[in-house]
Amino acid sequence: MALRKIVTSEDASLYKHCREVTKFDERLHTLLDDMRDTLESADGVGLAAPQVGVLRRAVIVLETNVPEGEHPYVIELINPEIVEKSGEQYGPEGCLSVPGRYGLVERPMEVTVRAQDRYGKRFEVKGEGLTARCFCHELDHLEGVVFTSIADRMLTNEELETGSWMDDEDTEDVAE
């Protein structure tokens, strides 16, 4: 497939509400395949369609909570909505659209998402830890919300390098 350009935070389209996907056709499949290639190339863990300039409700998230010896895999979510959340995690979060910047964000520890697959079939998926954080982060993009607007504060490079932000809070892994 093809790599798509990742839109950065200076682009106004990143702050717009995305429209529902109504056609589950080859065009959608190409978008999802391109998003997968783009995510892999950027070494990220999640990507929303508006991050590649498409204002549709489509997201992919890399599931990293897999048994030892198994490879992480991509979860495709079309028209996703969070239907359940519990617990909390607080820690640094980043974004492929805001390269090199990280902020402290509170998210649920567990999230259940209802969505459709690339063929329109409805399903639910649960995520914990980093996956739950990614679900929330990517679904925010569909509403035009970038993590910098909900972060308690942005972290300095020194705090990231030394981990000194951990002295103040109980935190989780960095998510991009």
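## Exercises around Gly 129 and its fold

Gly 129 has a relative accessibility of 12% and counts as buried (buried is under 20% relative accessible area, exposed over 50%, partly exposed in between, with a 1.4 Å probe and protein chains only). Before we dig in, some ground rules: this is a predicted model, where local features need pLDDT of at least 70, side-chain atom pairs count only at pLDDT 80 or more, and totals for chains, interfaces and linings use all residues. Residues are numbered from 1 along each chain as its sequence is written, and side-chain values use heavy atoms, with hydrogens and water left out.

**Exercise 1. Is His 141 buried or exposed, and what does it contact beyond four places in sequence?**

Step 1: His 141 belongs to helix α2, residues 130-142.

Step 2: its relative accessibility is 1%, so His 141 is buried.

Step 3: beyond four places in sequence, its contacts are Leu 14, Lys 16, Cys 18, Ala 48, Pro 50, Gln 51, Cys 95 and Val 146.

Step 4: follow one of those partners, Cys 95. Cys 95 lies in strand β4 (residues 89-95) and is buried too, at 3% relative accessibility. From the C-alpha of Cys 95 to that of Leu 130, 35 residues along the chain, it's 13 Å.

**Exercise 2. Look at Asp 43 and Asn 79: what are their phi values, and where do they sit?**

Step 1: Asp 43 isn't a glycine, yet its phi is positive, near 60°. You'll find Asp 43 in the loop between α1 (26-42) and β1 (46-48), exposed at a relative accessible area of 66%.

Step 2: Asn 79, again not a glycine, has a positive phi of about 50°. Asn 79 is part of strand β3 (residues 73-86) and is buried, with a relative accessible area of 13%.

**Exercise 3. Zoom out: in what order do the elements run, and how does the radius of gyration compare with the globule rule?**

Step 1: count the elements, and you get three helices and eight strands. From the N terminus on, they run α-β-β-β-β-β-β-β-α-β-α.

Step 2: the radius of gyration is 16 Å, close to the 16 Å of the globule rule for 176 residues, so the protein is as compact as a globular protein of that length (the radius is taken over C-alpha atoms, and the rule is 2.2 Å times the number of residues to the power 0.38).

Step 3: Of the 176 residues, 47% are buried. Among contacts between residues at least 6 apart in sequence, 66% join residues at least 24 apart.

**Exercise 4. Where is the pLDDT below 50?**

Step 1: start with the average, a pLDDT of 93, with 94% of the residues scoring at least 70 (pLDDT is the predictor's confidence in each residue, from 0 to 100).

Step 2: the stretch is residues 169-175, which has 24 contacts in the model beyond near neighbours in sequence.

Key
Helices (H or I, at least four residues) and strands (E, at least two) are DSSP runs, numbered from the N terminus. Contact means heavy atoms within 4.5 Å.
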